[in-house]
2 protein chains.
Amino acid sequence: MSGGEKVLNERKKAILKAIVDAHIAGGEPVGSKFLTQNQQIGCSSATIRNEMAELEEMGYLEQPHTSAGRIPSEAGYRFYVDQLIDRYNLTESEIDELRGALRQKQNELDAIMQTAVTLASKLTNYTALSLRPRQARISVGRFELMRLDDTTAVLIMLIGSVVKTKYIRSNRTIPPEATAMLAGVLNAKITGLTAGEITLPLVMEMERMMGDYDYLVTPVVRAVCETISGFDGGDLRFEGINRLLAYPEFYDMDRLRELLALFEKKDTLLEVLSDEARSGDRVQIFIGRENLVKVMDNSTLVFKTVTQNGKPVGAIGIIGPTRMNYRRVIATIDSLSRGITETIDGPRHPEGDES
Amino acid sequence: MSGGEKVLNERKKAILKAIVDAHIAGGEPVGSKFLTQNQQIGCSSATIRNEMAELEEMGYLEQPHTSAGRIPSEAGYRFYVDQLIDRYNLTESEIDELRGALRQKQNELDAIMQTAVTLASKLTNYTALSLRPRQARISVGRFELMRLDDTTAVLIMLIGSVVKTKYIRSNRTIPPEATAMLAGVLNAKITGLTAGEITLPLVMEMERMMGDYDYLVTPVVRAVCETISGFDGGDLRFEGINRLLAYPEFYDMDRLRELLALFEKKDTLLEVLSDEARSGDRVQIFIGRENLVKVMDNSTLVFKTVTQNGKPVGAIGIIGPTRMNYRRVIATIDSLSRGITETIDGPRHPEGDES
DNA sequence: GTTAGCACTCAGATGATTCAAGTGCTAATT
DNA sequence: AATTAGCACTTGAATCATCTGAGTGCTAAC
């Protein structure tokens, strides 16, 4: 598996590349006869057959059955993406579309990610996903309180760069002057604290600070705790699930069902991706069973981290059959992720921040 | 089609009901022989065959081919749900689960709907959907501005009962004292206005009011307009798409793809549902082609409006094969929608409000 | 009005046959 | 020693004929 990567002579490489390309294009096993048409390989079908037999022995090719051609194994795909493909660049017009779409949404990271994922699916014709990873330490950076009427108010919390809101309903009235005061107390006392760090003495101190309005503290603090605990920041979205169905490898209903269930449960994928999302700024590729849940054999996951001011804030990617158009997908994801980063980094941010 | 609904004698009703029940349970065409086992129908297979022939003539039954049994037509299902099923009540434990899950999320309508739709899918084993309809006249009811650092702030807008936020970035500094002032001006001048009603003279007046900080008005107003125009309130979510695949009627890949595309585009469904969602507080049922997009023949849509203080604020429903367990689905959707309404109406709201 | 009986229909299952693509191997060739 | 032509062999997929049985419609008897 790991270790001494066998060296392939040029002809083997050409053959392997031709097989993967042909199989990606057509979906069928590839035979020796067909390969003789390829200009890069100047030899007869018999020779190719010998080479193929060796490639199979090395683990790069597989045979569905005796009388069929060869298909690439997962190792074959791996070798292909690592060593055989040259970089593919998007056309000018594609880049334009991409830039244009992103520029629309100057501000909201959420909106940008949503746009990007839609675009990714459209450009590649596979299912796309966007991810915002779980956060380790969750705390509110800032509070604001908006009074709606005598008994209801909206508590507004800034968590990282996400704004969360929660309705507060009280049995007793919420006087207008109390809201600003309460917001002040919250900002003074529990910004930067995780749910576990909000202790009873702290709450009691806040009640003392609120004087006559102490009855407001408990419900509000409870709301804060609920929000913090319920918020892990993790968010995983899919676009273009229907595109999966265009590929025959997903015609197996049972497999498809499991895959869709995976999409809906999200936890598993969220975990896998959150783990990997930190690692580096290269396009990551998981082929088949390499790293993922067992459901996803004969699927490939291609994704890349999106950074803001150098810190990872999410990822976008593509899910498709192992037999996917890697060059195109990799280029798209790479450009998109770069584009997002540029867009959100655009107005340079001062160094210090409150995360 | 409409008009004089033919009257069926009791035996025909019993036969029709038995056929629909059996077909829902088994998915296969139902033959005369099988029906003789049914206690409600005390006659021989030959008699049943005669009755079935008449029912077919009336349009309530269909024959896939000569030598198969009968299946209900859409009209047959319609008659069945309108006149033949008795109300099915959820078990105590089911109701408990339902109540319990809803109670968790006291506040946020969004969160409640999310919980409900997950629950609906789980309880019925079909795909569930939740809807928040488009809104006609969109305006901001309240502004708040939260300063983050010298050049960025978060604009917080209350639209209906939804809080929307937008980041504001400025080339020039945003002084702390300007934020409260700006929020005040916004609240004074453009609450209740739609995007079209925010005119240039109005903006200029606001700039005058802001004095030295007039440069902040334009970017903020632009952000407001973008938000208002981009927000139509419409939101449509699905849960349990994978459950569709359990039913053989969706084994046709092409059909399935179209259906999934429908789920992703949303516009069409959003329109259909938004239109119908206003109408009454009964459970609505669309069978096959009755009212929907052509993609959805042999699917049925069951849904019900969710109201808050008597006003419709959304809907939840189920999508499944026409051959679905109507009694169970209807009961579930009904209870859920009731449950949500109760939960959000719970703390009585004063009459007046700002929508 | 109901039922038994029977000829008829037709989708689906089963099985035999053919087809063609592709291999592996051997022997000839360079 | 590497390459190639040639050929026997394997095997999934496609085609076709046959069989089966569930279910019907109709007629005649009850």
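This is a predicted model: local features need pLDDT of at least 70, side-chain atom pairs count only at pLDDT 80 or more; totals for chains, interfaces and linings use all residues.
Residues are numbered from 1 along each chain as written, chains are lettered from A and ligands numbered from 1 in written order, and side-chain values use heavy atoms, without hydrogens or water.

Start by selecting strand S10 of chain B, residues 311–321; strands (E, at least two residues) and helices (H or I, at least four) are DSSP runs numbered from the N terminus. In S10(B), 9 of the 11 residues are buried, meaning under 20% relative accessible area with a 1.4 Å probe and protein chains only.

Find B:Leu301 and its bridge partner B:Ile319. In the hairpin's turn of 2 residues, B:Asn309 has a positive phi of about 50°.

Now show S3(B), residues 127–132, which pairs with S10(B) in the antiparallel sense over 5 bridges. Here B:Leu131 stands opposite B:Ala315.

Move on to B:Tyr60 and B:Phe79, a tilted aromatic pair at 5.3 Å centre to centre and 55° between the planes. Rings of Phe, Tyr and Trp (its six-membered ring) pair with centres within 6.5 Å; planes under 30 degrees apart count as stacked, over 60 as edge-to-face, the rest as tilted. Both B:Tyr60 and B:Phe79 are buried.

Finally, jump to chain A, where ring pairs link A:Tyr77, A:Tyr80 and A:Tyr326 into a cluster.

Definitions and conventions: Buried means under 20% relative accessible area, exposed over 50%, partly exposed in between (1.4 Å probe, protein chains only). Two strands pair if DSSP finds at least two bridges between them.
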